[in-house]
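Please examine the structure shown below alongside its sequence.

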Amino acid sequence: MFQKVLIANRGEIAVRIIRACRELGVRCVAVYSTADRNALHAQIADEAVCIGSALTKDSYLNMNAIISSALVTHCDAIHPGFGFLSENAEFARLCEKFGIEFIGPSYKSIEMLGDKAEAKRTMKSAGVPVIPGSDGAVKSIDEAKEIAGKAGYPVLVKASAGGGGRGIRRVDTPEELESQMTIAQQEAQNFFGDNSVYIEKFLINPHHVEIQIMADKFGNTIYLGERDCSMQRRNQKVLEESPSPIVTPELRKKMGESAMIVAKQCGYYNAGTIEFLVDDDKNFYFMEMNTRIQVEHPVTEAVTGFDLVKAQIKVSAGEKLDVTQDDIKISGHAIECRINAENPELDFRPSPGQIKALNMPGGPGIRIDTAVYQGYTIPPYYDSMIAKLIVHGSSRKEAIMKMKWALSEFIVDGIDTNIDFQLELIKNRDFENGNYNIGYLNQYMEKRKKKK
C-alpha cells in the first residue's frame, strides 16, 4: 500500500479521497490555489501545498506544480479525482516518468478512450453497439455533410476530447451544419485545447444510462450495476439514480457484459464508466467512456456496498479485486441530487459568497458529500456544485420520500442554491413514475418559464 497520496483536486471529491486514504492508513497531501486557502480539503489533509493562483491553469491544471509538490512531499501516488487532470493522458504519463503511481488507468488507455471519436471506433471493432455517425474525427465540412446525410438528421456535432456537456451542438438541417460545426470546434478548443469534432446521429429523447466498472491489473473486471443520468439540463446532469427505472435484469446483464468487453479490449484497469444511450425499445448504444471516478459514484456505492474510491487506491497499489461478479448484488434504490450554488430563477446564475448558516440533513440512509462549512466563502472561480445529497431506501418509492424530507431539511443561508428546485423535481409526478428521458428536463424548463 502507498505511504502517501497527493490529491490533485479540490472540493468534495478531495475530501472524499482524503477520508478513503485515512481508512486505508495512508497519509495524504492536499494541493490548493490561493482562492482555496481556507478550503476544507486543505485543512484536513496531513499536509497542504499551495500550487498557484485562483485561475485553474495556474493551479489545478498546472501539471508541473502538482508533480513538483508530489516529489517535494515524497508522495508515491497521485489521485486526480474527477475533472481537471483526471483524464489527461499527458499528466498520467508524467506521473509514470517521475515514478509516481497515477491512481487511474494507464495513459495508453486514457489516450485510447479519452478521444471520444477514437473510442467509438474501438467499440465498433469490439462488436459493441454504437450510435451511427463518423468513425473518427471529421476532417472537413464536405466529409461532415456526407456523414450527416447518411446518418440522417438531426445529428450532433461533438468535441472528440469533450466531456461535461461541453462542445456539443445539435444540427437539424444541412444548412445549419457548417455554422454549428464551427461553433462546436471553437468550444472544443476553448475547453479542451483540441478542436477536433465527430458526428453522430441524434437519438430523439433516449435514456442516458451508464455502467460502472472496476478492474485490477491482473485482468479481473466487474460491473456494479447502472446509474440513470437522464435528468439533465443543457447536457449537465442534475440528479442521478440507481438502479435505472427502465433497466430490466436482462438488459443490465447485456449492458454490463458489453461494458466489460470495452474494458478488456483496452487493457483497462481501475474505475471507469461506460455511458450508453437506451431507446424506448431497450436498444442500447455506446456513447463514451469516462476514465475516472464519476461525480455520481455514491449511488452505486449505496446500492452495492462497494467502496469505489478505496478500490481505486488498492488496485493502483497492485492489489487484486477482492470480489467477483457473483458477489455484486443490487440492494434497494439510491438517488443523488447535486446541490449547486446557483439561482434557478435567474437562469441558474452562479451564486458565490459566504455561507452564513448551514443545516444539513441526517438519519439512516442519508449521505452528504461536501466540502462546505458555516462561514466558508464559496469562490467564483470553480464549478458551482457545493454538495451531493445521496439517499438510500429499500425501494424507489422510499428513496424518493426520503429525498423529499432530506431536501426540506437542507438549509444554506447567505447564497442562492438549487435546493428548492431539486425538491420541485423530486415531487414531480413524471419523476415519481420514472417517466422521463434525456430531453425531459429541457422541455420541463421551457414549460416552467412560460408559466412564469
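P243 has its place in the loop between β13 and α9 (249-265). In these names, helices (H or I, at least four residues) and strands (E, at least two) are DSSP runs, numbered from the N terminus. The model is a predicted one, in which local features need pLDDT of at least 70 and side-chain atom pairs count only at pLDDT 80 or more, while totals for chains, interfaces and linings use all residues. Residues are numbered from 1 along each chain as its sequence is written, and side-chain values use heavy atoms, with hydrogens and water left out.

What kind of peptide bond joins S242 and P243? The bond is cis, with omega at about -5 degrees. A cis peptide bond also joins Y153 and P154, where omega is about 0 degrees. P154 is found in the loop between α7 (141-151) and β6.

N205, in the loop between β8 and β9 (207-215), has a phi near 50 degrees, a positive value in a residue other than glycine. F348 likewise has a positive phi, of about 60 degrees, although it is not a glycine; F348 lies in the loop between β17 (342-343) and β18 (349-350). To describe their surroundings, a residue is called buried under 20% relative accessible area, exposed over 50%, and partly exposed in between (1.4 Å probe, protein chains only). N205 is partly exposed, with a relative accessible area of 24%, whereas F348 counts as buried because its relative accessibility is 8%.

The discussion now returns to strand β13. Both of its faces are covered: L239 and E241 on one side, and E240 and S242 on the other, are all buried. In a regular strand the side chains alternate between the two faces of the sheet. Strands β13 and β16 run antiparallel and are joined by 4 bridges; two strands are said to pair if DSSP finds at least two bridges between them. Within this pairing, L239 stands opposite C337 in β16.

Helix α13 leads onward to α15 (residues 440-451), against which it packs at an angle of about 110 degrees, with the axes 13 Å apart. Axes are lines fitted to C-alpha atoms, for helices over the stretch in contact, and angles run from 0 to 180 degrees between N-to-C directions. Angles under 35 degrees count as roughly parallel, over 145 as roughly antiparallel, 65 to 115 as roughly perpendicular and the rest as oblique. Helices α13 and α15 are therefore roughly perpendicular to each other. F421, E424 and L425 of α13 make this contact with L441, Y444, M445 and R448 of α15. These residues divide into 5 nonpolar, no polar and 2 charged, where Ala, Val, Leu, Ile, Met, Phe, Trp, Tyr, Cys and Pro count as nonpolar, Asp, Glu, Lys and Arg as charged, and the others, Gly among them, as polar.

A further helix pair is formed by α4 (residues 89-97) and α5 (residues 107-114), whose axes come within 8 Å and cross at roughly 175 degrees. That angle makes α4 roughly antiparallel to α5. In this contact, A89, A92, R93 and E96 of α4 meet Y107, I110 and E111 of α5.

Finally, an open sheet of 3 strands has the order β7-β6-β8, with antiparallel pairing. Strands β7 (168-171) and β8 (197-201) stand at the edges with a single partner strand each, so one side of each is left without a neighbour in the sheet. Strand β6 (residues 155-159) pairs with β8 over 5 bridges, and V157 stands opposite I199 in β8. Helix α8 (residues 174-192) lies across β6, β7 and β8, running at about 175 degrees to β7.

Terms used
Contact = heavy atoms within 4.5 Å.
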